[in-house]
Amino acid sequence: MRLSRYFLPTLKEAPSDAQIVSHQLMLRAGMIKQEAAGIYAWLPLGLRVLRKIENIVREEQVKAGAVELLMPTLQLADLWRESGRYDAYGPEMLRITDRHERELLYGPTNEEMVTDIFRGFVKSYKSLPLNLFHIQWKFRDERRPRFGVMRGREFLMKDAYSFDLDEASARIAYKRMFAAYLNTFARLGLKAVPMRADTGPIGGDLSHEFIVLAETGESEVFCDRKLVEMAAPGHDLSVEQLEGVFNERTALYAATEEMHDAGRFEAETAEGDRLSARGIEVGHIFYFGTKYSAPMKAKVAGPDGQDTEVHMGSYGVGVSRLMGAIIEASHDAGGIIWPDSVAPFDVVVINLRASDEAVSAACEEAVAKLEALGKDVLYDDTDERPGGKFATADLIGVPWQLTIGPKGLADGVVELKRRATGEKQTLSLDAALELLTK
Ligand code: 5CA
């Protein structure tokens, strides 16, 4: 991608109403534009990162056995009357009337709709367990939309819904998602800690939030320090292994503010391991049994031929919020430092003198070779001065910067910089390409 042909509207200064660093950097790096309070347009650079995050979330859901579908953003109010949540949800729900005076709403979540789909087709326990997910825009008319995409009104969520014949198997489905979330956040370069949580309007008796520790987090959290450094559990776990992963983590104290018990924290956690911090909720999982299947009559025939209500759970990831969380966790004074897995481009090739034909030819050769090796390349072919180019490259956080200029070219060398460490090396183009594709 040639920068001269791209759309990257960077800003020198962040607007003064952007209070936290991720919001400031997303605006400065030309990733989003606010259209209304809590409603954003995703500009090309922001969209690239959003898609990468979304794909990692999707891959880990599929690996955990969930099946993707896509439900609409608009839902019938009558469906929500069946569960009793139409009146219970309150002013956060955006209610809409169509030309036939039919009441609709912009979905804040999808328990009712997925239960309706399930009951329409699934009749036997033989189709269970089943886990259906989608990645779709949600709307919640938050009282205080703030911090950019972190607390938006329109936001992208991955929501999965599990269906099981009984409570025991539903709890296994819950633990499978619990492990999938640990794998997902690790691939996104984040340390996310599962914490006992309140169930709020979703309901149920078993719930964990996945929290990324960050000074700018909205909630106060308390946990055993050891949880922060635990490695991701990996894939294809047996039920015994899933139990192990779940028990090992939930044995250590970790709770959000609403669930915090200072006495228990002190009794269960050695003083040196007690961590109280602020955190960003990037995921939230719930087991709620028959809360929706009972009023909505989502039943299957069991092995004995008797109809029984299915046991359900729901599992949310804040896909757009994750972008803010990743930036909060990974930036410096110069800008964003993307983890390789979600970077908008793998490499930026910086042409130090675009008016020089030999330099441009060398840059184009580098870009072509990198693209042939499957790399996503941003080519800064503009005639901006070098200082400005380096500042932009640092700001947008691409993991590698490959700089080619007239002096180096005369000596047969280029400069390769790793954004995260600032480490620079001067080497031949071939050696640089080899390093980049290792
Ligand atoms: N139905 C359940 C699980 S699918 C549910 O809606 N859970 S939730 O309310 O906790 O939302 C899931 C995730 O969406 C949260 O963990 C959070 O990361 C993200 N999220 C929630 N509200 C917002 C918001 N206003 N802006 C951005 N992300 C949000």
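This is a predicted model: local features need pLDDT of at least 70, side-chain atom pairs count only at pLDDT 80 or more; totals for chains, interfaces and linings use all residues.
Local features are reported at pLDDT of at least 70 and side-chain atom pairs only at pLDDT 80 or more, whereas totals for chains, interfaces and linings use all residues. Residues are numbered from 1 along each chain as its sequence is written, and side-chain values use heavy atoms, with hydrogens and water left out.

Around the ligand stand 22 residues, of which Thr109, Glu111, Arg140, Glu142 and Glu281 come nearest, a residue being near if one of its heavy atoms lies within 4 Å. By class, this shell has eight nonpolar, seven polar and seven charged residues, where Asp, Glu, Lys and Arg count as charged, Ala, Val, Leu, Ile, Met, Phe, Trp, Tyr, Cys and Pro as nonpolar, and the others, Gly among them, as polar. Strand β13 (274-289) is one of the elements that supply at least two shell residues, and β13 gives the most, with five.

A polar side-chain atom of Glu281 lies 2.4 Å from an oxygen atom of the ligand, while an N or O atom in the side chain of Glu111 is 2.6 Å from a ligand nitrogen atom. Of the 600 Å² that the ligand exposes when taken alone, the protein buries 96%, with accessible areas from the Shrake-Rupley method and a 1.4 Å probe.

Phi is positive in Glu101, near 65 degrees, and in Phe147, near 60 degrees. Glu101 is exposed at 65% relative accessible area, whereas Phe147, at 13%, counts as buried; buried means under 20%, exposed over 50% and partly exposed in between, with a 1.4 Å probe and protein chains only.

How values were computed: A polar contact is a pair of N or O atoms within 3.5 Å; within protein, one must be able to donate a hydrogen and the other to accept it, and residues adjacent in sequence count only if both atoms are side-chain atoms. Helices (H or I, at least four residues) and strands (E, at least two) are DSSP runs, numbered from the N terminus.
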